[in-house]
Structures are given as structure tokens and as C-alpha cells.
Amino acid sequence: MSQSLAFANAWNLATTLMVCVVIFRTGMDGYGVMPATEYDGDPAAVIYEFDPFQ
């Protein structure tokens, strides 16, 4: 997924579900989005974290 699509999806997911969401870089030069509580990958791969409560 492209970076702009990842940011759009992350914002939508965070505001819809009201959970913290992280955007991370994948190994294939792409980006992924998932809830922060479920992310157990490399912390250095995290690009941004959306917190809907801020």
C-alpha cells in the first residue's frame, strides 16, 4: 500500500474504531496499518501513530 493510502486508512480506522493505530513500513517497500495493541513488530519500523483521543 502506498504511504498516502496508509495514512488515509489509518486515520479512518482510528476515528471509526476509536483505537490507537500505527503505520509501519513493510519489508517490501510498502506500508501497513493495524491497531497499536496488536503490533508486535520492530518499533523502528513504525512511521506514525494515530491517537483518536488527542
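Author: Happy to! Strand 1 (residues 21-25) and strand 2 pair in the antiparallel sense over five bridges. Here strands are DSSP runs of E with at least two residues, helices are runs of H or I with at least four, and both are numbered from the N terminus; two strands pair if DSSP finds at least two bridges between them. Within strand 2, Pro35 stands opposite Val21.

A word on the source: this is a predicted model, where local features need pLDDT of at least 70 and side-chain atom pairs count only at pLDDT 80 or more, while totals for chains, interfaces and linings use all residues. Residues are numbered from 1 along each chain as its sequence is written, and side-chain values use heavy atoms, leaving out hydrogens and water.

Now the whole sheet: it is open, with three strands in the order 2-1-3 and antiparallel pairing. Strand 2 (31-35) and strand 3 (46-50) are the edge strands, each pairing on one side only.

Helix 1 (residues 3-17) lies across strand 1, strand 2 and strand 3, and runs at about 30 degrees to strand 3. Such angles run from 0 to 180 degrees between N-to-C directions of lines fitted to C-alpha atoms, for helices over the stretch in contact. Contact means heavy atoms within 4.5 Å. Take Ala10: leaving aside neighbours within four places in sequence, Ala10 is in contact with Val21, Ile23, Val33 and Phe50.
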